[in-house]
Amino acid sequence: MARQIAEVRWGLVTSREGLYGTRLEYHDDGTVCLSNPGLPSALTLQTWSSSSDFQKDRHTPTLPLLNLKSTYRLVPRLVSSPADGVIFCVQTRDRFDALIAEEFLYGPDYRFTLPPKGTNYTISLLSAGFDSLRFTSFELWEVEDD
């Protein structure tokens, strides 16, 4: 049994390091298109977070709070060329903001579990050698462990 937790859209641009020379288009339906054939792998394209410092960032968290020790599946709604041109990275931090876990998620089954001492997490979309990307959203689902 699985239960959908959230649907996450692109939102505000959080990373500019990998966007130099990139054509970035926002569409009225919320879809974002990126193209840059020369973009190196492992660059962060976008990051979503379960916590934020409103005084500093001026925006609210973009990810829901999740149950610790539960397993979650990320279901991307995107098309990249080549097909495996992006990967996701989930980083979990403790209450002192120290990194305690990092998982790289590769398709087709994007599953992750938050460690017991985690208090917040981020999900980042990384380049893995794509030429073009059409990103609509991703869904988070809570799933039973197999």
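Residues are numbered from 1 along each chain as its sequence is written. Because the model is predicted, local features need pLDDT of at least 70 and side-chain atom pairs count only at pLDDT 80 or more, while totals for chains, interfaces and linings use all residues; side-chain values use heavy atoms, with hydrogens and water left out.

Strands E4 and E9 (residues 120-127) run antiparallel and are joined by 5 bridges. They belong to an open sheet of 4 strands in the order E4-E9-E6-E7, with antiparallel pairing. The edge strands, each pairing on one side only, are E4 (44-49) and E7 (99-105). From one strand to the next, the twist averages 20°. Here, two strands pair if DSSP finds at least two bridges between them. Strands (E, at least two residues) and helices (H or I, at least four) are DSSP runs, numbered from the N terminus. Angles run from 0 to 180 degrees between N-to-C directions, with axes fitted as lines to C-alpha atoms.

**The nonpolar core**

Which residues touch the most other members of the largest nonpolar core? Of its 29 residues, they are Leu45, Trp48, Phe112, Ile123, Leu125 and Phe138. Such a core is a set of buried Ala, Val, Leu, Ile, Met, Phe, Trp, Tyr and Cys residues joined through side-chain atoms within 4.5 Å. Leaving out residues up to four places away in sequence, Phe138 touches, among others, Trp48, Leu63, Phe88 and Ile123, where contact means heavy atoms within 4.5 Å.

Leu78 is found in strand E5. It is partly exposed, because its relative accessible area is 22%; buried means under 20%, exposed over 50%, and partly exposed in between (1.4 Å probe, protein chains only). The C-alpha atoms of Leu78 and Thr136 are separated by 5.7 Å, although these residues are 58 residues apart along the chain.

Ser70 is found in the loop between helix H1 (54-57) and strand E5 (71-81). Is Ser70 buried or exposed? It counts as buried, because its relative accessibility is 16%. Its side chain makes a polar contact of 3.2 Å with the side chain of Glu142. A polar contact is a pair of N or O atoms within 3.5 Å; within protein, one must be able to donate a hydrogen and the other to accept it, and residues adjacent in sequence count only if both atoms are side-chain atoms.

Cys33 is buried at 14% relative accessible area, and Cys89 is buried at 4%. The count of disulfides comes to 0, a disulfide being a pair of cysteine sulfur atoms within 2.5 Å.
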